[in-house]
Amino acid sequence: SSDCWRIIHLPEKPPVLPHLQPTVDVLACAVEPQYANTIVRSLNHIAPLEGLRHVKRIRKTLLDGGQYRLCVILCVDYGRNGESGCVPEELNELVKTYQLNVFNAKVHEFAATTKEEWQEQCKLWPTSFHPPTYDTEGITGFTDEESESIFNFMRIAVGLAKSGSQHVNAAVIVDPSTSQMISRARDEVYSSEPVETVAECGTLRDGDHPKLLSKCLFREEKPACLDPYGWPHLGSDSCHPLRHAAIAAIEKSASRDRRLFPSEDSGVGSPLKKQKIDGNTKGDDDLQLGNKTRPPYLCTGYDIFFAWEPCIMCAMAIVHQRIRRVFFAFPNLEHGALGSVYRLQGERSLNHHYAVFRVLIP
């Protein structure tokens with residue numbers, strides 16, 4: 001039953017309780033409203049708040065009687081000469097000109113990652129809040145129909161991971177606009193033939209069969225993302241150390257696009273035909289393809305479902321594919337890239353970001 005299933009959004013940064021969020025000491029002062037703009041313009045030139053761009057320079061407080069009090073941050077309090085509250089020389093003239101009374105204040109060091117966190121921050125000093133740059137639809141909640149669709153595709157991913165004799169990861173790429181499966185794949189790191197562990201083989205002697213030797217050099221298989229360095233023997237054409245489930249699923253998606261939208265000629269970079277595909281057409285894996293009049297750019301707008309949380313390599317691969325949302329069922333406590341160890345979705349230097357969810361399965 002899906003009644004016990006849950007979808008949890010994993011934000012770009014792990015949530016931090018308000019009283020545990022680090023703060024920075026600053027020097028501030030109260031200013032007259034008619035001088036506020038002039039003072040702020042001068043401060044932005046003399047002492048910009050580098051590293052605290054999320055902190056607003058002015059705090060407006062309502063006083064008794066309906067009057068407002070404006071306070072302005074002068075600069076970060078670096079404790080010059082070992083003394084806190086010491087105004088830098090470059091600000092002395094400004095302080096004297098407007099007869100400012102300087103006091104110490106605290107602001108939050110890092111920008112808020114959620115609206116709730118931002119509301120707590122503003123109780124100390126006003127900050128700015130910028131929602132994630134990716135499409136936030138579905139993050140605050142899913143409809144019953146959307147949830148059931150997510151659970152069904154997760155069932156497929158988990159079932160695919162369990163379908164063989166080996167413990168592997170599985171990936172399913174889905175077009176959420178049509179609820180159609182684009183591709184699916186299991187780890188292709190290990191050969192399909194059974195592999196013995198070193199303990200089972202015992203001590204090998206010179207002259208032992210090379211095939212037996214190669215099978216005994218590697219420990220028992222794990223899902224590729226859980227053991228990315230446990231590369232198997234490369235003697236088999238059916239396996240490769242980099243063919244994790246995500247990579248294999250992406251390759252199948254690309255093959256599908258090449259088949260649906262063939263090039264006009266064999267030249268590299270030739271334009272693609274706008275070929276309309278009949279809705280009853282089926283692909284190599286008997287997956288219904290649906291109506292398509294133009295090729296997508298990689299996997300733009302698609303969702304991907306994993307049984308296990310992907311490793312860094314797989315997480316970066318789906319960044320390059322422009323995946324929109326990532327769902328996984330089980331955490332990867334040693335090599336997880338989307339919450340367990342790293343949070344690649346929060347790396348601001350990347351040119352694409354996706355939303356990440358964990359589907360809790362009872």
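V16, L17 and L20 make a nonpolar surface patch of about 270 Å². The model is predicted.

**Surface patch**
- V16 belongs to the nonpolar patch together with L17 and L20.
- V16 sits in the loop between β1 (6–10) and β2 (23–31).
- Its relative accessibility is 36%, so V16 counts as partly exposed.

- R57 is found in the loop between α1 (36–46) and β3 (58–62).
- A salt bridge requires the charged atoms to be within 4 Å.
- What does the side chain of R57 reach at 2.8 Å? It reaches the backbone oxygen of A47.
- A polar atom of the R57 side chain also lies 2.8 Å from the backbone oxygen of I73.
- Not counting residues up to four places away in sequence, R57 touches residues including L43, N44, P48, L49 and W125.
- The run C71, V72, I73, L74 and C75 is also among the residues that R57 touches.

- S179 lies in the loop between β6 (170–175) and β7 (180–186).
- With a relative accessible area of 43%, S179 is partly exposed.
- R322 is in the loop between α8 (312–320) and β9 (325–330).

How values were computed
Residues are numbered from 1 along each chain as its sequence is written. This is a predicted model: local features need pLDDT of at least 70, side-chain atom pairs count only at pLDDT 80 or more; totals for chains, interfaces and linings use all residues. Side-chain values use heavy atoms; hydrogens and water are left out. Helices (H or I, at least four residues) and strands (E, at least two) are DSSP runs, numbered from the N terminus. A polar contact is a pair of N or O atoms within 3.5 Å; within protein, one must be able to donate a hydrogen and the other to accept it, and residues adjacent in sequence count only if both atoms are side-chain atoms. Contact means heavy atoms within 4.5 Å. Patches are made of residues with over 30% relative accessible area and no salt bridge: like charges are joined within 9 Å, nonpolar side chains (Val, Leu, Ile, Met, Phe, Trp, Tyr) within 5 Å. Accessible areas come from the Shrake-Rupley method with a 1.4 Å probe; for residues, only the protein chains shown count as cover. A salt bridge is a side-chain nitrogen of Lys or Arg within 4 Å of a carboxyl oxygen of Asp or Glu. Buried means under 20% relative accessible area, exposed over 50%, partly exposed in between (1.4 Å probe, protein chains only).
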